[in-house]
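Colleague: I have a model open and would like to learn how to read it. Can we take a few features in turn?

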Amino acid sequence: MDKNKNFVFMFDQPESGKKELLGGKGANLAEMTRIGLPVPYGFTITTTACNSYYEAGQVIPPEAEVQVLEALHTLEMKTGKQLGDPSNPLLVSVRSGAVHSMPGMMDTVLNLGMNDETVEGVAKLTNNPRFAYDSYRRFIQMFSDVVLDVDNFYFEQLLENTRTEKGYHSDTDFTAEEWKQVIEEFKKIVQRHAKRSFPEDPKEQLFLTINAVFDSWNNQRAILYRRLHNIPSHLGTAVNIQSMVFGNMGDDSGTGVAFTRNPSTGEANLYGEYLINAQGEDVVAGIRTPQPIASLQQEMPDVYEQLSETCQLLENHYKDMQDIEFTVERGKLFILQTRTGKRTAQAAIRIAVELVRENIMDKREALTRVDPDQLNQLLHHHIDPNHKETQLANGLPASPGAATGQVVFDANEAEELSKSGKKVILVRPETTPDDIHGIVAAQATVTSRGGMTSHAAVVARGMGKACICGCESLKIHLESKQFHVGTTTVNHGDVITIDGSTGEIFLGEIPMIEPQLSDEFQLLLNWADEETKMDVRANADNPEDAAKALEFGAGGIGLCRTEHMFMDPSRIPTVQSMILSETNEERKDALDKLLPMQQQDFEGIFETMQGYPITVRLLDPPLHEFLPDKEELLVDVTKLQISNPRSKDLQEKQNLLRKVRVLEESNPMLGHRGCRLGMIHPEIYEMQAKAIFYAMSSVMKKGIKVNPEIMIPLVSHVNELKDMRQRVIHVGEQVQQETGQEFNYLIGTMIETPRAALTADQIAEEADFFSFGTNDLTQTTFGFSRDDAEGKFLQHYVEQDVLQQNPFVSLDQEGVGKLVESGVKLGRDTKPALKTGICGEHGGEKESIQFCFDLGMDYVSCSPFRVPAARLATAQATIRNEEINKLKEPQYN
């Protein structure tokens with residue numbers, strides 16, 4: 001262990017401020033202290049100490065322990081108070097603080113330093129015994145839950161019973177003597193469930209709590225949150241120890257959360273909530289429903305004005321919307337935390353655009369402040385405003401979007417039902433961080449308590465999930481699994497629809513409409529297009545999808561899958577006839593029938609795309625996908641053998657079953673598909689090529705440009721592409737002679753097997769372009785069958801950190817990525833101008849897009865609804881690349 005290593009930094013140390021070392025919260029506390037804001041003094045234990053703690057077997061390193069005691073002494077000198085001093089006790093908060101914001105996922109303890117002696121000192125110093133004993137019971141409850149692992153339920157149950165017995169509506173009704181009685185009962189709960197007495201030594205309390213906060217880095221909810229937001233597990237959490245200020249000292253005190261702008265809409269107004277005579281946990285835990293921040297202007301006008309000025313200062317300083325926690329102690333404002341605020345996609349876009357208009361940041365900065373993943377929130381349905389149904393209840397619109405689902409009251413059940421394909425809405429009195437897996441699984445969340453900054457609201461907004469909070473008209477009965485609104489009872493499993501934008505709840509399923517995209521949305525994407533050096537195309541198989549792609553700003557079609565055209569129910573009989581043909585003549589007849597259908601398909605897409613490039617992939621899937629299910633056929637044959645053994649129908653079914661068995665493959669994804677089909681049955685690809693060229697001719701006669709790129713799928717050897725290329729060219733020449741027109745087109749291939757990537761220099765000799773099919777390339781590189789892997793073990797791999805992410809969601813850069821890199825490099829060694837792109841699912845995922853940009857690819861292609869996100873991601877990749885290059889440039893004095 002390095003004895004000179006700094007594990008602890010005071011807030012005002014000049015060298016502090018690095019987010020990776022101090023965590024986001026610690027870095028911001030240090031920054032706010034340095035710019036002179038009223039921040040309660042304290043110190044931060046670094047993320048390095050957390051990692052050393054785990055390396056030492058979950059033991060705080062001795063050097064770190066010494067530095068904590070030294071920092072504590074500095075804090076005592078600064079405040080004039082001492083931890084454990086009965087006459088003038090120092091009380092501190094102990095909070096987690098990860099590098100990336102993880103709201104509510106890790107643990108916090110407030111009022112640390114209280115015991116049977118210091119509580120009396122606090123009572124005398126404040127001349128407020130009720131406040132002192134209320135603070136002490138809070139500390140016992142929080143410390144026991146976080147550190148001693150005593151379930152909070154036991155404390156809340158006792159409080160609820162006591163409130164009911166005394167006829168109290170709120171904890172503020174308790175007297176000091178009554179809190180003393182509660183404290184004695186709390187201590188008995190600790191003894192009973194923790195099998196030890198409550199620790200009275202403040203330094204023991206401190207180090208036990210530091211241990212607990214470090215331990216919370218790896219609690220279940222934190223691990224799930226990191227996995228959900230792709231936060232690396234090796235970063236660790238910092239611990240912030242800060243002198244306490246109290247919002248529960250009477251009606252001139254309070255606590256709250258303020259956003260510098262509305263996190264749901266982006267509107268440039270101070271937004272948030274507060275509670276009079278309360279501590280911070282009361283606001284975020286949803287135990288009491290708080291007041292809107294605007295009310296503070298009437299109750300404490302001076303505090304409100306100071307808070308408004310501070311919010312503006314912090315937003316200008318950090319150049320982004322801030323989420324600020326504050327406490328008012330006897331009329332004096334203290335800032336406890338600031339961080340970049342979680343926001344909806346609508347808000348993120350509006351805030352970014354308006355900060356540019358206000359000259360707080362430039363366009364390039366604005367583009368980096370919106371997460372591409374968030375844009376997907378904007379492209380989903382909303383409730384049809386013309387619906388006639390009457391609302392059942394109304395709560396606070398905590399996170400926008402609409403959702404329909406079956407009511408469930410338990411996070412575990414929400415997760416289980418979601419896995420089985422059911423859509424559910426999680427309904428709870430309030431949520432806690434332990435419910436995060438249920439919020440992830442549910443379509444939406446509804447709570448009867450809590451406000452717009454409660455746990456449920458913050459987490460749902462971060463995920464883009466609809467959420468309603470503080471719906472007090474819902475009387476929820478968890479035991480009987482139902483809730484009541486007036487005389488209406490809604491049972492477990494009943495269907496409801498919620499609108500997180502308005503706070504409305506409806507019985508049953510309500511019709512939805514397409515989303516309307518704001519002017520700011522279009523403006524931001526226009527800025528993205530100005531910056532990007534990579535094209536974004538869409539995967540589209542019909543004119544409707546092509547039109548949607550253009551609407552969302554696609555610069556062409558990167559994958560048009562012709563097999564989807566064959567799967568039209570009206571065409572299946574003709575396709576089956578073609579597949580089951582036993583002679584060339586029979587197959588030609590079927591193909592002649594399919595030719596005009598294919599031509600019509602291509603004409604529709606070519607006309608829609610108006611000259612944009614269109615990559616048409618020739619038939620790819622195994623032929624058995626177009627045939628009847630073998631098991632169903634077997635059942636039909638068996639039934640007919642019993643009921644009508646001489647029927648003509650039986651003979652036909654038996655003949656069909658025989659042919660299906662002949663075509664059956666042990667592993668069809670690696671079998672007779674793609675170019676292998678074209679090699680054995682070239683007439684199929686020749687028909688498709690004719691359809692493409694006839695469609696070109698027809699559309700060109702209308703004065704419309706056509707720019708097709710014909711893709712041969714699943715090539716593993718250059719000779720496959722060479723053969724198929726010559727056949728396509730031959731057909732093209734025939735149609736050119738027939739029509740008297742000249743066609744411009746490219747012929748390329750999809751790189752989707754390891755051998756193709758490794759021999760790309762040879763394959764490039766016959767290719768005008770490469771399109772990387774990373775779905776199949778991932779399957780063939782890992783040896784995974786995607787359907788089996790995702791259903792059986794892949795999620796376990798991610799949960800156990802065997803894999804950082806699902807490789808079918810985010811490109812495996814270390815393995816599959818090396819093959820892609822090899823394919824691009826080798827291909828361009830042969831043809832420097834070779835066009836390259838990616839058309840798998842990864843084409844719409846931001847980290848994969850960054851990887852493709854770094855390789856110098858020309859385009860990415862994704863589903864139409866992911867095009868806006870991909871446009872933003874390509875712009876961010878461009879900006880990031882240019883910033884890195886600037887740092888590499890030599891610096892001259």
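**Reading the model, feature by feature**

Modeller: Keep in mind that this is a predicted model. Start with a helix pair. Helix H23 (residues 630–643) packs against helix H24 (residues 648–663) at an angle of about 150 degrees, and their axes lie 10 Å apart.

Colleague: How do H23 and H24 run, roughly parallel or roughly antiparallel to each other?

Modeller: Angles over 145 degrees count as roughly antiparallel. H23 and H24 are therefore roughly antiparallel to each other. The crossing of H23 with H24 is left-handed.

Colleague: Which residues in H23 and H24 meet?

Modeller: On the H23 side they include Leu633, Leu634, Val637 and Leu640. Among those in H24 are Leu650, Leu656, Leu657 and Val660. By class, the contact of H23 with H24 has eight nonpolar, two polar and five charged residues.

Colleague: Now H30 and H33. At what angle do they cross?

Modeller: Helix H30 (residues 774–782) and helix H33 (residues 816–830) cross at roughly 120 degrees, and their axes come within 9 Å. That makes H30 oblique to H33. The crossing of these two helices is right-handed. From H30, the contact uses Thr774, Leu777, Thr778, Thr781 and Phe782; from H33, it uses Val816, Leu819 and Val820. Sorted by class, the H30 contact with H33 has five nonpolar, three polar and no charged residues.

Colleague: Next, sheets. What holds the strands of a sheet in pairs?

Modeller: Backbone hydrogen bonds pair the strands of a sheet, either parallel or antiparallel. Here, take the open sheet of five strands, with the order E8-E7-E6-E9-E10 and antiparallel pairing. Its edge strands are E8 (291–292) and E10 (332–340), and each pairs on one side only.

Colleague: How many bridges join E9 and E10?

Modeller: Eight bridges, in the antiparallel sense, with E9 covering residues 322–329.

Colleague: Which strands does helix H12 touch?

Modeller: H12 (residues 301–318) packs on the sheet and touches E6 (254–259), E9 and E10. Its direction makes about 30 degrees with that of E10.

Colleague: Last, a single residue. Is Gln741 buried or exposed?

Modeller: Buried means under 20% relative accessible area. Gln741 has 16% relative accessibility, so Gln741 counts as buried. Gln741 sits in the loop between helix H27 (718–739) and strand E28 (746–751). Leaving aside neighbours within four places in sequence, Gln741 is in contact with Ser697, Met700, Lys701 and Gln736.

Note on methods:
Residues numbered from 1 in each chain as written. Predicted model: local features only at pLDDT ≥ 70, side-chain atom pairs only at ≥ 80, totals over all residues. Heavy atoms only, no water. Pairing = 2+ DSSP bridges. Helix = DSSP H or I, 4+ residues; strand = E, 2+ residues; numbered from the N terminus. Contact = heavy atoms within 4.5 Å. Axes fitted to C-alpha atoms, helices over the stretch in contact; angles between N-to-C directions. Parallel < 35°, antiparallel > 145°, perpendicular 65-115°, else oblique. Left-handed = near helix turned anticlockwise from the far one by under 90°. Nonpolar A, V, L, I, M, F, W, Y, C, P; charged D, E, K, R; others polar. Buried < 20%, exposed > 50% of the residue type's maximum accessible area, 1.4 Å probe, protein only.
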